[in-house]
Amino acid sequence: MTQEQALTILKTGANVFLTGEPGAGKTHTINAYVEYLRRHGIEPAITASTGIAATHIHGQTIHSWSGIGIRKFLSPYDLDKLATTEYLVRRIQKTKVLIIDEISMIDGFTLDSVNAVCRTITQKDEPFGGMQVILVGDFFQLPPIARNGETVPFAFESEVWRTMKPLVCYLTEQHRQSDQNFLSLLSAIRRNDAMDDHLIHLHDRMIADEMVFEQAEDMTRLFAHNADVDAINTAALNGIDGPTNTYTMHSKGSESMVASLKKGCLSPERLDLKIGAVVMCTKNNSQKGFVNGTTGTVIRFEPGTKYPIIRTKEGEEITIEPMDWTIEEDGKIKALISQVPLRLAWAITIHKSQGLSLDTALMDLRQVFEYGQGYVALSRVRTLGGLYLVGWNEQTFQVHPRILQQDRQFIEQSEAADAMFGRLDATDIAEMHKNFILASGGVLEGKKTKLAKPEKRDTLDLTKELIMQGMALKDIAKERKLVMATVLDHLEKLLLLKRIGLDDVTYLIDSKLEKSLPVIAEAFTTCDTTLLSPVFNHLDGKYTFDTIRLARAIITARNQKK
């Protein structure tokens, strides 16, 4: 599913699980939806499972937002107390849209407790008291924290997940990695099918153990444990001759909220820097030209202010001034911390790297201790060429068997949702969007809430023009800056809507595809489905999803012509 298709579904007010591989654009899609809501006078509640994730999306933790704190279970007394907490009642009663990011790290008990609070305060039986709930994340990444050997259910195993049955929007575009070998490796890990021909790419990226410190000046390094990270960063900074400039974090607001901000902030309360220090930016600042994850080296300090000036990998020199991390409610700042948005970046933990995009990274994955850590680490870098490995252990690339099984269901559910909305008339969808805005107390027109201008050109028409020119699908994808799955989706829709005919696409049917068509057609019949995943599994992965999708389009078009 594309980001555009997911946004179409989100705007209807349906409960949604937005997922996809790292780099698929989950955060971008959510930001676009938040902007859309705000244009129409609707302020969503933006939350995340951890403080780190919350700072990435300018929100707060779901534990703080719901008032449950560190508790997984709530007694009747707890619920009654929360239901009589004035600020909590006001917050939840006014919320029409609740966004929960990094849902993989929230266990089922916690999600059920948040649901209980919302239902108790709103006095409504619907899940979460009837508000739209958007769960965002990827269950192949870091799982819920289990303490003292306890077994905790995943969020999708909670009672409220089963009750609200969220529509699944599984994003298939890729905006972080463009290296096909790397994408193949990451996909193989997700399928628990990383074979020697995949891992050979990692062996090619291995470096000797003694080179770890030699590489320190060139890239960020990822480790599983804090102790390794702190030791390396401290040793590296102490190894630089010259004076130290110290930057102290300032804060104001609620003590508990400030503590939450500090816990989630990647910049330390005390930041010591020297010329030559390797650093990483911890905030986005498009005007200055850096994002969360941009790495560089301190080359000097600005006279007077002493603000650090860094040189990035691309050779750009940027002055890094203090920035704020905030928690806002009702448009008012409730808590704030201010610090220079940098941290020493010779090394960071894998947990703190989640959500970052790095150009280069050196990883020691020999101490990985839980499902998802190795996958999260690898998916931080954009290409294999930016990856340097010291080693890994037997558990590093293991996939949780429960997640592997559930992911197949998510893919099928996403395809079903896409097909369902694909059959709806554009006028009906627009009416659904309008009704949700009005039901949420939003505004359709107004100086601050004007509807977004429609695109000048229909995206299907743009693809159609290139098909009519006889352009190869891979060239269309390159020309339009789309992934192949999106181009194939356009092709299917154009054929289904009869905006192009079978004769227009015969140039796409080479001898290899022609030979595979009967086999794939039989698989669709045997599986009694129009979905891709069952056919892919039935054929034991002999054909790629793209090949099966193209075959499905051709088969459907031929059947229509009969």
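In what order do the four strands of the open sheet lie? The views below take up this sheet and its surroundings in a predicted model.

**View 1. The open sheet of four strands, with parallel pairing.** The strands follow the order β18-β7-β19-β20, and the edges are formed by β18 (347-349) and β20 (387-392), each of which pairs on one side only. From one strand to the next, the twist averages 20°. Helix α11 (residues 226-238) packs on the sheet, where this helix touches β7 (220-223) and β18, and its direction makes about 165° with that of β18.

**View 2. The pairing of strand β19 with β20.** Strand β19, which covers residues 361-365, runs parallel to β20 and is joined to β20 by five bridges. Within this pair of strands, Met363 stands opposite Leu389 in β20.

**View 3. The largest nonpolar core, with 91 residues.** Among the residues with the most contacts inside this core are Met363, Leu378, Phe128 and Trp161, while helix α7 (residues 108-122) gives the most to the core, with five residues. Leaving aside neighbours within four places in sequence, Leu378 is in contact with several residues, including Phe182, Leu202, Met363, Leu387 and Phe397. A second, separate core has 34 residues, and Leu460, Leu473, Ile500 and Phe524 are included in that core.

**View 4. Arg90 in helix α6.** Although Arg90 and Ile121 are 31 residues apart along the chain, their C-alpha atoms are separated by 9.2 Å.

Methods: Residues are numbered from 1 along each chain as its sequence is written. This is a predicted model: local features need pLDDT of at least 70, side-chain atom pairs count only at pLDDT 80 or more; totals for chains, interfaces and linings use all residues. Side-chain values use heavy atoms; hydrogens and water are left out. Helices (H or I, at least four residues) and strands (E, at least two) are DSSP runs, numbered from the N terminus. A nonpolar core is a set of buried Ala, Val, Leu, Ile, Met, Phe, Trp, Tyr and Cys residues joined through side-chain atoms within 4.5 Å. Buried means under 20% relative accessible area, exposed over 50%, partly exposed in between (1.4 Å probe, protein chains only). Contact means heavy atoms within 4.5 Å. Two strands pair if DSSP finds at least two bridges between them. Axes are lines fitted to C-alpha atoms, for helices over the stretch in contact, and angles run from 0 to 180 degrees between N-to-C directions.
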